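Here is a short tour to read alongside the sequence and the model.

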Amino acid sequence: MADAFVEVQGISKSFGSSQALSDVSLTIAPGECLGLVGHNGAGKSTLMNVLCGIFPPTAGGFLLDGRPQGGEYDVRIANSLGIRAVFQELSLCLNLTVAENMRVFHPEFRGWGWRKRAGDAIMTVLDEIFPGHGVRPNQRVESLTLGQRQELEIAKAFASGKELRLLVLDEPTSALDYHNSLQLLNYINRRKGGRISFVYISHMLDEVLACADRIVVMKDGRISGEVKGAGATRDHLIELMGSKTSAAPGALGNGNARDLSDRPLVIAPKGKSESGAGRVSLREGEVVGLAGLAGHGQTDLLIDLFDWRRNPDYDIGGPLTFIPGDRQRDGNFPLWSIVNNITILVYPRVRRYRIIDLSLERSVSGRWRDSIGILAASLTDNILSLSGGNQQKVLFARCLESDARAILMDDPTRGVDVGTKEIIYRLIREESGRGRSFVWYTTEMDELKHCDRVYVFRNGAIVADMPGVEATEEAILRSSF
Amino acid sequence: MVRSLDARRGGLARYTESLVPVVSLLVVLIPIVWRQPVLISPSRYYAMQTMALALAIPIVLASLGQMLAMSIGEIDFSMENLVSLVTCVMGAVMSRNVALGILLLLGILVVYALIGAFIHLKKLPSIIITIGMSFVWTGLAITIQPTPGGNIPAIASDFMRLKPPWVPYPIVLAALLALAGHFLMFKTGFGILARGVGDNVKSIQQSGHSAIRVRIMVFALVGLFGIMAGVSLAGLTNAADPLLAKNYTLLSVAAVILGGGAFAGGKVSAAGTVFGAFAMHLVVHLLVVLKISTDWQAGVKGFIILFALYIGGFFKRAGKIRYI
């Protein structure tokens with residue numbers, strides 16, 4: 001298409017060892033609303049970050065209005081070319097007023113009376129998109145509700161003296177209620193067809209279907225399909241998101257189902273569920289997977305289980321440990337050595353005459369280094385001297401060395417290289433064979449094949465559960481959306 | 001409907017919050033005036049009340065400097081050392097060699113700008129860098145003025161002793177400083193960016209602004225306010241002393257917090273800070289007026305400051321997200 005506003009040519013992007021985008025090509029015509037869908041980690045947000053100049057691609061490039069954009073392309077240039085984005089994480093400064101936030105993002109509001117002009121500009125757009133919004137220009141953003149902040153974030157992109165050419169909306173309705181979401185969709189439908197192009201990213205497929213002229217489906221950093229907006233159906237989109245590029249379209253499970261029904265329960269639902277929502281149960285030696293889109297209540301369940309003394313919903317038999325998803329924030333003791341990071345849970349075992357014995361500590365951690373291959377020059381080095389994957393191995397060693405009956409894992413392979421992942425899978429297999437149980441929240445569909453049972457989350461509740469051998473990618477996607 | 005009610009409640013909370021520094025100043029001021037009514041009687045004791053208030057001006061200036069640092073979520077722990085050093089520069093250098101004195105003060109400004117750049121580039125907390133710098137400043141001060149003394153240029157002391165009609169000079173100065181501080185933080189693009197950096201650096205950078213530039217400018221201004229505090233303190237006391245501004249660091253931080261600022265950054269009030277600084281200064285005076293024995297003064301002063309900060313914190317409400 002010669003007159004495309006955006007023409008992406010074979011963009012790839014990798015972060016360390018993980019490939020977020022591989023060879024993606026895409027065009028966006030002026031006035032078009034392009035829907036972009038796919039599972040978490042499919043590369044949608046990464047692609048848009050590249051377009052908006054937040055980081056450069058590893059390979060490939062793109063044309064705007066037919067002109068190639070080079071290495072100096074950044075947020076400022078993107079902005080001056082009329083490309084703006086509304087991202088999932090709100091980018092407002094909460095301590096500033098509505099008008100002041102306008103000034104931060106649109107420096108053309110300067111000189112005498114800028115406050116009035118900025119306020120008028122944002123109010124005009126807010127009134128147009130979200131009538132009855134209740135926002136005032138001199139209100140501090142922290143006093144707005146989450147929904148109002150989201151409305152402001154969207155309106156801010158339109159309320160500028162400079163021309164808007166492409167607006168990227170990344171999950172714009174996550175904080176909006178049904179009514180406001182409809183207002184936004186109506187507005188997009190009114191504005192498209194002019195000079196402004198839209199990219200609409202959402203897990204809410206009905207919204208994408210309601211406004212997109214064309215829908216591109218992404219999976220694993222590639223484009224896995226494209227459909228015309230008119231005539232597309234949810235089922236067709238879900239099909240494209242899932243099994244199409246998957247080698248084996250059948251069940252994820254590895255086929256050898258284990259019968260654990262005679263084993264004792266480690267985690268059992270207590271009493272009757274009040275809301276009638278599904279609940280998790282875990283038997284000795286069982287590996288339970290938690291699936292669904294990110295942020296739909298999986299981590300909350302893990303924390304509730306870990307906080308078992310205050311949990312009225314479950315009977316927990318025996319000690320639990322937790323492998324957090326954010327190891328930098330919740331997992332590591334960043335000032336300590338590798339040895340100390342491994343033995344912290346079992347320090348009574350490395351004491352002799354009630355005093356910590358260095359040689360016992362070393363032998364415990366040395367055993368783990370040899371069995372799972374922690375790549376460290378010396379075990380007494382600081383934990384942060386290790387690569388991310390090796391830090392994660394240390395966390396596993398710490399939890400597996402403990403006598404916990406069950407281990408709760410919050411997406412433990414996030415940002416971990418393939419080799420380490422294989423080691424982690426092996427450890428989980430071996431330990432579950434020895435009777436240790438796992439509750440495993442993962443954002444990677446492939447990892448669910450290691451699970452005996454899979455629970456699918458949506459909007460904070462379990463909406464489906466299935467034996468691992470029956471869990472197909474399609475079935476999980478269908479329950480997730 | 002629900003929304004507009006919420007908005008009004010937010011406005012009311014903001015109103016009580018801005019009253020805190022005024023109330024705490026009154027809490028300190030009323031007992032002073034009650035015990036020493038001469039302080040508010042016109043004309044006769046004009047000179048005396050001016051002196052009682054005038055020593056608040058250096059604290060006001062140091063607090064406004066601290067406020068700038070705290071607006072971007074940083075803190076200057078070398079404030080008292082800087083202010084003392086400036087009195088030494090005024091007393092030992094400026095009186096003999098004006099050019100060298102000005103050069104030294106400009107040097108301090110450059111160092112402060114570099115501190116801002118360093119904090120940005122090395123992602124180091126300012127508390128570490130400024131504690132380190134506090135030793136540098138004191139070392140320099142002792143080198144140029146080993147014992148208290150010095151000869152302060154007449155222009156500084158003359159300026160601090162102006163006598164405008166009707167209103168005491170310190171009040172005029174404080175009002176002008178509050179206005180200037182408010183204009184800087186709330187009316188200029190720089191002030192908005194500084195408060196934005198204190199709240200959400202990422203969004204400032206994503207909107208195409210340079211965070212390092214903001215941090216450099218903020219710290220240069222912190223240095224400038226510290227220098228002005230030192231010049232005014234030297235002018236008022238006619239003394240150069242490496243320890244003259246003792247306690248200024250913590251007093252200035254307390255003044256900012258009392259004035260409605262937040263440790264976490266992003267939230268400041270220039271007028272509140274000026275009120276807070278006056279309250280901090282007058283706490284000392286109050287103890288003298290109440291005839292509290294010097295043995296107890298330090299402890300009681302600390303207790304009053306803690307109490308004022310507690311009351312202030314009580315009125316403050318963090319910006320919690322509301323979903324409805």
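Read from one end of the sequence to the other, chain B follows the pattern α-α-α-α-α-α-α-α-α-α-α-α-α-α. Its secondary structure amounts to 14 helices and 0 strands. Please keep in mind that this is a predicted model.

**Chain B as a whole**
- Chain B has 324 residues, and 46% of them count as buried.
- Among the contacts in chain B with a separation of 6 or more, 80% are between residues 24 or more positions apart.

**Two helix pairs in chain B**

Two packed helices are described by the angle between their axes and the distance between the axes.
- Start with helix H5 (residues 98-122) and helix H11 (residues 211-237) of chain B, whose axes come within 7 Å and cross at roughly 145°.
- The crossing of H5(B) past H11(B) is right-handed.
- On the H5(B) side, the residues that meet H11(B) include B:Leu105, B:Ile108, B:Leu109 and B:Tyr112. On the H11(B) side, B:Ile212, B:Arg215, B:Ile216 and B:Phe219 are among the residues that meet H5(B).
- Sorted by class, this contact of H5(B) with H11(B) holds 17 nonpolar, 3 polar and 1 charged residues.
- The second pair is helix H3 (residues 56-71) and helix H8 (residues 169-187) of chain B, with axes that come within 10 Å and cross at roughly 10°. That angle is under 35 degrees, so H3(B) is roughly parallel to H8(B).
- H3(B) brings B:Ala56, B:Ile57, B:Val60, B:Leu61, B:Leu64 and B:Ser71 to the contact, while H8(B) brings B:Pro170, B:Leu173, B:Ala174, B:Leu177, B:Gly181 and B:Met185.
- The class count for H3(B) with H8(B) is 10 nonpolar, 2 polar and no charged residues.

**The sheet in chain A**
- Chain A has an open sheet of 6 strands in the order S6-S7-S8-S3-S9-S10, with mixed pairing.
- Its edge strands are S6 (83-86) and S10 (222-228) of chain A, each of which pairs on one side only.
- From one strand to the next, the twist averages 20°.
- S6(A) and strand S7 (residues 166-170) of chain A run parallel and are joined by 4 bridges. Within this pairing, A:Arg84 has A:Leu167 in S7(A) as its bridge partner.
- Helix H1 (residues 44-51) of chain A packs on the sheet, where H1 touches S3, S6, S7, S8 and S9 of chain A, and the direction of this helix makes about 150° with that of S7(A).
- Helix H8 (residues 234-241) of chain A also packs on the sheet, touching S3, S9 and S10 of chain A, and the direction of H8(A) makes about 30° with that of S9(A).

**Where the chains meet**
- How many residues does each chain give to the contact? Chain B gives 23 residues and chain A gives 22 residues.
- On the side of chain B that touches chain A, helix H1 (2-35), helix H9 (189-199) and helix H10 (201-206) of chain B each give two or more residues.
- H9(B) supplies the largest share of that side, 6 residues.
- That side of chain B has 7 nonpolar, 11 polar and 5 charged residues.

**A buried helix in chain A**
- In helix H3 (residues 98-105) of chain A, 8 of the 8 residues are buried, so this helix is largely enclosed by the rest of the structure.
- Among its buried residues are A:Glu100 and A:Arg103, along with A:Val98 and A:Phe105.
- The buried residues of H3(A) pack against H4 (114-129) and H5 (146-158) of chain A, together with H9 and H10 of chain B.

Conventions: Residues are numbered from 1 along each chain as its sequence is written. Chains are lettered from A and ligands numbered from 1 in the order in which they are written. This is a predicted model: local features need pLDDT of at least 70, side-chain atom pairs count only at pLDDT 80 or more; totals for chains, interfaces and linings use all residues. Two residues are in contact if their C-beta atoms, placed from the backbone, lie within 7 Å. Ala, Val, Leu, Ile, Met, Phe, Trp, Tyr, Cys and Pro count as nonpolar, Asp, Glu, Lys and Arg as charged, and the others, Gly among them, as polar. Axes are lines fitted to C-alpha atoms, for helices over the stretch in contact, and angles run from 0 to 180 degrees between N-to-C directions. A crossing is left-handed if the near helix is turned anticlockwise from the far one by less than a right angle, and right-handed if clockwise. Two strands pair if DSSP finds at least two bridges between them. A residue is buried if 20 or more other C-beta atoms lie within 10 Å of its own, exposed if 12 or fewer, and partly exposed in between; C-beta atoms are placed from the backbone. Angles under 35 degrees count as roughly parallel, over 145 as roughly antiparallel, 65 to 115 as roughly perpendicular and the rest as oblique.
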